[in-house]
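Me: I should like to learn how to read helices, their packing and their charged pairs in a structural model. Please take me through one case, step by step.

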Amino acid sequence: MTTMDPPQAHVPLTDERRARLREMIGDELDAAWLYDRLAGMSDPQSATVLSRMAESELEHATHWVRLLGDERYPADLHRPSLRVRLMAFQARLWGLGFVISQLRREELVDIQKYVSDPDSGDLAEEEREHRATLAELGTQYGAVGAVGEGHAGVGAHGASTFRAALFGLNDGIVSNLALIAGVAGVAIGSEAVLVAGIGGWLAGAFSMAAGEYISVRGQSEVLQRQIAMERDEVLLDPAEERRELVSIYRAKGLSQELAEQVAAELSDKPDALIDTMVREELGLDPDQLGDPWRAAISSFASFSLGALIPLIPFLIWHAADWNVDYWALIVGVVASVIALAVAGLFTSLVTSRNPLYSAGRSVFVGILAAAVTFGIGSALPFDL
């Protein structure tokens with residue numbers, strides 16, 4: 001195996017190169033740690049596969065350590081990054097299928113790095129094997145982007161719902177925090193702040209739910225109409241649809257003979273031909289048209305959860321019959337900052353950005369919106 005051969009450096013070991021090698025060592029140790037943790041959450045067969053992948057990642061790290069010329073690199077003292085810790089946490093909560101698509105993206109990044117590195121040896125090919133293995137596991141666990149039938153549970157729908165929930169949570173926090181801060185700037189001691197917060201929560205949640213329902217319902221009806229038209233074309237004029245399918249496969253690079261053979265075999269199975277034409281000609285997945293009620297309920301719940309965070313301190317102050325003052329606003333802002341930071345950390349798993357960057361950006365945007373509306377409210381010549 002290439003990783004065990006004495007490495008021959010083709011790139012000079014400058015300070016910049018050494019820093020780059022240490023970064024790659026850290027990435028490989030992160031991957032080894034994550035695969036090892038995922039193995040502990042999986043069934044015995046999958047655990048064996050993941051454990052082998054963890055060992056392979058350790059060998060990759062060893063390759064770069066030896067190239068660096070430091071056989072005593074403290075691999076055992078490596079602290080896993082926040083990013084992989086979050087991925088392990090997600091997998092523990094929602095299952096392995098939830099993170100496999102992200103793992104495949106991570107392996108693709110490694111392939112891109114190693115293909116262009118003259119000192120990588122066979123590491124790019126081994127990362128391709130890892131990616132193929134993850135695709136097989138994805139089929140088993142119902143991961144996003146996996147080919148074939150997955151187990152019931154968290155898969156494409158789960159990940160899509162998770163993303164929508166994250167964005168709805170952010171919307172709820174920022175919009176209601178900004179509204180509450182704006183009204184507090186006008187009259188912090190007035191019940192108008194509480195009324196505005198409750199109104200902002202309910203109006204925003206119902207508006208989000210209604211908008212999402214209408215959007216998904218309308219899109220689903222359009223797609224269903226397109227699928228119905230394609231079904232009619234296949235049933236009423238199968239010869240024309242067969243010619244179209246041949247043209248599609250020819251455009252994809254198949255030979256005329258192979259394209260005609262595939263089209264002929266599919267033409268003998270009308271349901272398969274309809275499904276294929278819908279996917280190939282229309283670019284639609286009949287199984288992913290969207291559920292408007294699920295979308296509406298998810299949007300309502302996620303927005304409500306976010307909107308309640310800056311509102312709860314004012315509800316507590318009111319229930320305790322305390323004078324509503326700036327302490328309620330401060331507590332609401334602090335709670336919102338914490339929630340935005342946590343949401344930002346998990347958003348980084350969707351966007352593949354640095355977790356601290358995503359958390360900081362979410363907090364900055366929320367604080368900025370609240371500060372601007374508070375400033376505007378304080379400047380208004382009203383007395384409530």
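The dialogue below moves from the whole chain to single residues.

Me: On what basis are the values given?

Reply: This is a predicted model, in which local features need pLDDT of at least 70 and side-chain atom pairs count only at pLDDT 80 or more, whereas totals for chains, interfaces and linings use all residues. Residues are numbered from 1 along each chain as its sequence is written, and side-chain values use heavy atoms, with hydrogens and water left out.

Me: How many helices and strands does the protein chain have?

Reply: Helices (H or I, at least four residues) and strands (E, at least two) are DSSP runs, numbered from the N terminus. By that rule the protein chain has 13 helices and zero strands.

Me: What percentage of the residues of the protein chain count as buried?

Reply: A residue is buried under 20% relative accessible area, exposed over 50% and partly exposed in between, with a 1.4 Å probe and protein chains only. Of the 384 residues of the protein chain, 41% count as buried.

Me: How is the packing of two helices described?

Reply: Two packed helices are described by the angle between their axes and the distance between the axes. The axes are lines fitted to C-alpha atoms, for helices over the stretch in contact, and angles run from 0 to 180 degrees between N-to-C directions. Here α1 and helix α2 (residues 44-68) pack at an angle of about 165°, their axes being 8 Å apart. The two, α1 and α2, are therefore roughly antiparallel to each other; angles under 35 degrees count as roughly parallel, over 145 as roughly antiparallel, 65 to 115 as roughly perpendicular and the rest as oblique.

Me: Which residues make up the contact of α1 with α2: nonpolar, polar or charged?

Reply: The residues of this contact divide into 19 nonpolar, two polar and six charged. In that division Ala, Val, Leu, Ile, Met, Phe, Trp, Tyr, Cys and Pro count as nonpolar, Asp, Glu, Lys and Arg as charged, and the others, Gly among them, as polar.

Me: Is the crossing of α1 and α4 left-handed or right-handed?

Reply: A crossing is left-handed if the near helix is turned anticlockwise from the far one by less than a right angle, and right-handed if clockwise. The crossing of α1 and α4 is left-handed, and α1 also passes α2 in a left-handed crossing. For α1 and α4 the angle is about 150° and the axes are 12 Å apart. That makes α1 roughly antiparallel to α4.

Me: What span should helix α3 have?

Reply: The expected span of a helix is 1.5 Å times one less than its number of residues. Helix α3 (residues 82-94) has 13 residues and should span 18 Å, which agrees with the 18 Å between its end C-alpha atoms. Its buried residues are Val84, Leu86, Met87, Ala88, Gln90 and Ala91. After α3 comes Gly95, with a positive phi near 100°.

Me: How many salt bridges does the structure hold?

Reply: Side chains of opposite charge can pair when their charged atoms come close. A salt bridge is a side-chain nitrogen of Lys or Arg within 4 Å of a carboxyl oxygen of Asp or Glu. The structure holds ten salt bridges. One of them joins Asp117 to Arg17, with the closest N and O atoms 2.9 Å apart. Asp117 lies in the loop between α4 (100-115) and α5 (123-141) and Arg17 in helix α1 (residues 15-39), so the pair ties together parts that are 100 residues apart in sequence.

Me: Are Asp117 and Arg17 buried or exposed?

Reply: Both Asp117 and Arg17 are buried. Arg17, Asp117 and Asp119 are linked in a network of salt bridges.

Me: Where do Arg20 and Glu23 lie?

Reply: An α-helix has 3.6 residues a turn, so residues three or four places apart point the same way. Arg20 and Glu23 both lie in helix α1, three residues apart, about one turn of the helix. Their side chains meet in a salt bridge of 2.9 Å, N to O. Arg20 is partly exposed at 31% relative accessibility, and Glu23 is partly exposed with a relative accessible area of 42%.

Me: In which helix do Arg128 and Glu125 lie?

Reply: Arg128 and Glu125 both lie in helix α5, three residues apart. A salt bridge joins their side chains (3.3 Å, N to O). Arg128 is partly exposed at 38%, and Glu125 is partly exposed at 43%.
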